[in-house]
Amino acid sequence: MPYQIQPTKEFLVRPALPAALSRLPEVAYNLLWSWDHTIRALFRRLEPNLWKEYNHNPIQLLGRISQGVLDKAAADPRFLSLYRRACERNDAYLHTAPPAPNAPNIAYFSMEYGLLDCMQIYSGGLGILSGDHLKAASDSDFALTGVGLLYQRGYLQQRLNPDGWQQESTPLNDFYTLPITPAVDERGNELLVDVDLPSGRVFVKVWCIKVGRVRLYVLDTNIPQNSSAEHREITDQLYGGDIHKRIRQEIVLGIGGLRALKKLHIKPTVHHMNEGHSAFLAIERIRVLMQEQRLTFPQALEATRVSNVFTTHTSVPAGIDLFDSSLVYDYFIGYCQAAGIEFNQLLELGRKNMQDPTERFSMAVLALKTSAFRNAVSILHRSVSQDMFQDLWPRLPVNEVPITSITNGVHAPSWVNGDLASIYDQYLLPDWRDRLEDLKMWEQVHEIPSQELWEMHRKRKRRMVAYVRERSVASAIQRKASAAEIRRLSEVLDPEVFTIGFARRFATYKRATLLFRDVARLKRLINNPKMPLQIVIAGKAHPKDHPGKGLIREIVTLSRDPEISKRLIFVEDYGIQVARELIQGVDLWLNNPRRGEEACGTSGMKASMNGILNLSVLDGWFDEAYEISGGWAIGERLPYSEDQDEIHASAIYSKLENEIVPMFYAGGEDEVPSEWIERMKKCIANITPWFSCGRMLVEYMSELYQPAHKLWIDISANGFEAARKKAGWEERVRHQWERIRFLELGDGAGDDVMSGSAIAFRATVDLAGLEASEVRVEAVIGQVGATGELQDTQTLTLVPVGKQGDAVVFANEFIVQQTGRVGYSVRISPNHFDNPLTRPCNALLKWVSD
């Protein structure tokens, strides 16, 4: 290995900016430019070629641009006018009113954030959602702080070898050429925190990313204070390394992240775990309260649980991080001993069944058990999650498992193309950017002249084709492709041809090759002389996912078939910019996962906001949006089975042949396709407000953040007096629970009841010394299924109406609306929750039939 010179001393050199442009770094270091077209245009205009070369990174641009270009810009009145407008927009946006009194202060933890293509600290949809969450919180002026990890190397850079097999590289992130700065304490010193591992103490540097009005703090262990390479490499790469690196990363994120907030004097009232990676923060919160407030472990768990929010994005158990109990012991026995926590108390929080010594510690279970508020990311995903985690509430019907849903949204300003935004400036209300969730305003989309909307779309399509050609040629030159291959790629795609886009992670459940199941039929569609089509595909497979890589190679091989080689292309290295070009430029967005395995999906939302219609399986978000989207559905609302692959492939071909493609070409060469344009308008007008990140944040605030904040304020008052009482009360109830019994159940309804009639429910219960207010008695009513079980149930609370000796009588009436076979049962549970969705895992519950 050649000798490498190491610097004796480092120093940072910044560009000598002319006084007239002195605020450029200030503007560049706040990511507001990434979603404000006017501010972004400032950097693009400064030096277009360097802007493109440096992957839209203004810090690198300012560091490498010549002094002559800067001086010329400072003397150009046109550029100075753009500069002033950009500074004014920056100042107007960042000017903020003081936070509302008693507003939630939210700490948002995520393993990845997709904010910029040049900032490789994300891998896919989870990171993009996290980035959009921060931007929308900034737009809404919520008091929210993001916490994540700062990876030295990007997730993966994809290159295809000559055979079409995915090759990965992980380019280094140079933090000093990114819009990121070291966080400092009140004395201006760089902020460090530490965590203890079996291998010793690890020091963690804290960096800050400004995302509009919001701050994202990211943690970095690759610093000189860590003498061990093992410690420096903890934040080396996202989702890289073995199980030891994963648990270390999650300790740094959850425990180190919480300690960083404390050093920054940020005092959250709500802690949001975006997936289970950060769930160790719940343990750290318990430790802190045990130490600072002298609470017991049950008291501290009760006190912290009420203000933890957990969002699950997983549809299959394989997507959950699991650690062997012995590994958790190695990493946490010292922590537990120092904190006064019994190791089994910690272990129990991450396992479903403590009686099974082989069960591994689950980060999702830990998050569920330590959070009072839990949500899935679409309505259908809620049902999937309730079924997957039902054994944590084994006595509840699946539909009552306390996991709610808030369907994901996307940050429209980040994804709506500039040409469409310019049309909105003309035809929507002047402040449309501040009214993205205003349903009535979006009806004005129907007033946009069809010709203008169509010409906008054609322009974006031409741009997309040029982008794909340029990128494909560059990739071919890099892999030393033949001259003929390079020439073919320089001519691939036709901007006048109907274009299908498909871009996403190449996991096998997404069925990327479903469209190619009948190649002969597809070729007839592609080569139709009057109504041809073409296909653009992009996506990465996980480095260890060989089946996913095989799917990519299958598509690349087919794209070289001379019959279709100019109308099928795989675009390498899928990222934010590739996604943006495709979702703004294709005609139809294809999505065909196995139903029930796509938690939500957001690429189709982004396409819809640009007027791109969807052809999709009724999964995730599209199961809610299909009827209002203007798009087309693949298959029915049925659980996935293997025979659906053939059925769905045939449905795709049929819809393309008989409906979609003919509709697109209906306008001829000079006329707009009127029905297609009407669908585009319907798509934009309905999807933009309903599936915006702003709508999502409003729901998080009203359904999760505000209730969690209030519970935290209440339970932390007077030295956590409520938590101390609550834990004692729960212990007393648990001690008495076995003695509680149903003595008598009223007759309720007769054998035949007319719909609309009132049914009286009555239950006499021996409460074993508990008060009636300490329990909740409920009737559960539903249809009787074919196998005798209750279905589509609803609950009715029975209220105490008197006593029968020492027992208490509970009763209420129910107006029956269902027809057919209806049945009911009665149950009792401790009355320790005001909202059924905050019911703790493994809560006590007794049915009358027990």
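This is a predicted model: local features need pLDDT of at least 70, side-chain atom pairs count only at pLDDT 80 or more; totals for chains, interfaces and linings use all residues.
Y705 belongs to the largest nonpolar core, which has 153 residues. The residues with the most contacts inside that core are F43, F280, F332 and Y705. Helix α28, residues 693–736, gives the most to this core, with 12 residues. Apart from it there is another core, of 104 residues, and L525, W589, C600 and W621 are among them. As background, nonpolar side chains in soluble globular proteins tend to be buried together.

F361 is in strand β12, residues 361–362. Is F361 buried or exposed? It is buried, with a relative accessible area of 0%. Not counting residues up to four places away in sequence, F361 touches F280, D321, L322, F323, V328, L346, L347, G350, R351 and L366. For a sense of distance, F361 and G131 are 230 residues apart along the chain, and their C-alpha atoms are separated by 29 Å.

Next, the second largest pocket. About 910 Å³ of space lies in it. Its lining has 27 residues, and the closest to the pocket centre are L301, E348, E730, R734 and C841. Which element gives the largest share of that lining? Helix α28 does, with seven residues. So far as helices go, at least two lining residues each come from α11 (297–305), α13 (343–349) and α28. By class, the lining divides into 13 nonpolar, five polar and nine charged residues. In general, an α-helix has 3.6 residues a turn, so residues three or four places apart point the same way.

A search of the whole structure finds one cavity of 30 Å³ or more. The largest cavity has a volume of about 140 Å³. It is lined by 17 residues, and L160, R479, I569, F570 and E572 lie nearest its centre. Which elements each supply at least two residues of this lining? They are α19, α20, α22 and β17. By class, the lining of the largest cavity has six nonpolar, five polar and six charged residues.

Phi of L493 is near 70°, a positive value in a residue other than glycine. L493 counts as buried, at 2% relative accessibility. D792 also has a positive phi in a residue other than glycine, near 50°. D792 lies in strand β24, residues 790–804. Is D792 buried or exposed? It is exposed, with a relative accessible area of 65%.

V826 is in strand β26, residues 822–830, and counts as buried at 1% relative accessibility. Leaving out residues up to four places away in sequence, V826 touches F742, L745, A763, V777, E778, A779, L798, K846, W847 and V848. How far apart in space are V826 and D494? They are 66 Å apart, C-alpha to C-alpha, and 332 residues apart in sequence.

The other is N399, in the loop between α15 (379–388) and β14 (404–405). N399 is partly exposed, with a relative accessible area of 39%. Leaving aside neighbours within four places in sequence, N399 is in contact with Q386 and T793. N399 and P830 are 431 residues apart along the chain, with their C-alpha atoms separated by 20 Å.

Technical notes. Residues are numbered from 1 along each chain as its sequence is written. Side-chain values use heavy atoms; hydrogens and water are left out. A nonpolar core is a set of buried Ala, Val, Leu, Ile, Met, Phe, Trp, Tyr and Cys residues joined through side-chain atoms within 4.5 Å. Buried means under 20% relative accessible area, exposed over 50%, partly exposed in between (1.4 Å probe, protein chains only). Helices (H or I, at least four residues) and strands (E, at least two) are DSSP runs, numbered from the N terminus. On a 1 Å grid over the protein atoms alone, a cavity is a set of points where a 1.4 Å probe fits but cannot get out, and a pocket is an open set with protein on both sides within 12 Å along at least five of seven lines; lining residues have an atom within 4 Å of a point. Grid points are joined across faces, edges and corners, and a volume is the space filled by probe spheres set on the points. Ala, Val, Leu, Ile, Met, Phe, Trp, Tyr, Cys and Pro count as nonpolar, Asp, Glu, Lys and Arg as charged, and the others, Gly among them, as polar. Contact means heavy atoms within 4.5 Å.
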